[in-house]
Amino acid sequence: MNAPLLVPPQALKRAGPLWLLAEVTYRCPLHCAFCYNPVDFAQAGPELSTEDWLKVIRQARALGAAQFGISGGEPLVRDDIEILVAEARQLGFYTNLITSGVGLTEARLAALKEAGLDHIQLSFQDATKEANDLITNTRTFELKRKVAAMTKAAGYPTVINCVLHRTNIDHLDRIIEMAVEIGAEYLELANTQYHGWAFLNRQSLMPTEAQLAEAEAVTERWKAKLGKKMRILFVTPDYQTKKPKKCMNGWGEVFLSITPDGLALPCHTARMLPGLEFPDVREHDIDWIWHESPLFNRFRGTAWLPETCQSCEDKEKDHGGCRCQAFMLTGDAGATDPVCPKSPDHALIEKALAEAERPTLVKPLVFRDPKNSVKLGRAF
């Protein structure tokens, strides 16, 4: 008889994260009304130091993380991004900077390229100066065009992200045309997901059913016209999909986000959830956080699911949907995502969609601003 195969205990451990997102700051020169940052971001603690971030990068890579994303706020308000990129790149990460373009000078772009930055994703808010500057409450449109040209000249593929909502979705034909003029190889049309400031402004941002249908048709026409010249990704908003999505491809399965003040999260909006203890990377190492912390194990897998989901044949596909969405709509992070038609709270989604069809309910936008953050943080 063959001897039993002895498996080292460490081999039985869950695989580490694949994607590390470093939200290095909540500071940002833009004031976008759809920002996913917490509405009380101004009350966050002190930002991690450069050495703190280097420690996080090394520990995450040791667990097998392969992609390193840098975002904010606007990450370029910090002066150590080149240092973080260089460390991540020499460790073998694929590195990605998500930026508004503000602060990206030719000298800084050259330094980032020298550090080994692989990829830059540039955000646009609309196709005209007036519309772009309205939704951001800033004057940044011409700067963005300049940065797009600058990154292309530096040899980077032109990757553009544009968040769609009620105030710009009717401009989609011109937005795609602008991306073609710029020479974009990739355009992500990310319909607003209602978290953070976007949830606060939901009645003003949610498009009508007709607007969304027309936007999808416009996108398909451009896809057919452009072929492989430019890849266009159209991300349908959760509320309109009528099917919940697995939270970040599974809570604590592939994604690790670190906030500016050092909290480790299984998704970038999870710090809003009450009753959970968020581990701090200055107090715990990434290995313990990922494998042992109560937070990362709270909604892993499907054993925790409520009865509505336990008896559903799709539970392994969607894991009950988005935890933040469930909390924002029902007050219970453990509830079935109301996006699901089987949810006992699905009427909340139907109500929101019906309100979007009534323009009289549209309210003035509340822009992301530290002053608003303090006030709203107390209210929420």
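## Buried face of helix H5

In this predicted model, the buried residues of helix H5 include Phe141, Lys144, Val147, Ala148, Met150 and Thr151. Several elements contribute to covering them, among them helices H3 (106-115), H4 (129-136) and H6 (172-182), together with strand S4 (119-124). As a general rule, an α-helix has 3.6 residues a turn, so residues three or four places apart point the same way.

## Extent and end of helix H5

Helix H5 comprises 13 residues, 141-153. From its first C-alpha to its last it reaches 19 Å, which is close to the 18 Å expected at 1.5 Å a residue. Just after H5, Gly155 adopts a positive phi of about 100°.

## Packing of helices H1 and H2

Helix H1 spans residues 50-62 and helix H2 spans residues 81-91. Their axes come within 10 Å and cross at roughly 20°. Because angles under 35 degrees count as roughly parallel, H1 is therefore roughly parallel to H2. The crossing of the two helices is right-handed.

On the H1 side, the residues that meet H2 are Thr50, Trp53, Leu54, Ile57, Arg58 and Arg61. Their counterparts in H2 are Ile83, Leu84, Glu87, Ala88 and Leu91.

## Annotated domain

An unreviewed UniProt entry places the feature "domain: Radical SAM core" at residues 14-229. Over residues 14-229, the chain is 43% helix and 16% strand. The end C-alpha atoms of this stretch lie 40 Å apart.

Note on methods
Residues are numbered from 1 along each chain as its sequence is written. This is a predicted model: local features need pLDDT of at least 70, side-chain atom pairs count only at pLDDT 80 or more; totals for chains, interfaces and linings use all residues. Side-chain values use heavy atoms; hydrogens and water are left out. Helices (H or I, at least four residues) and strands (E, at least two) are DSSP runs, numbered from the N terminus. The expected span of a helix is 1.5 Å times one less than its number of residues. Buried means under 20% relative accessible area, exposed over 50%, partly exposed in between (1.4 Å probe, protein chains only). Contact means heavy atoms within 4.5 Å. UniProt positions are given in the numbering used here, feature names are shortened, and annotations may be inferred rather than shown by experiment. Axes are lines fitted to C-alpha atoms, for helices over the stretch in contact, and angles run from 0 to 180 degrees between N-to-C directions. Angles under 35 degrees count as roughly parallel, over 145 as roughly antiparallel, 65 to 115 as roughly perpendicular and the rest as oblique. A crossing is left-handed if the near helix is turned anticlockwise from the far one by less than a right angle, and right-handed if clockwise.
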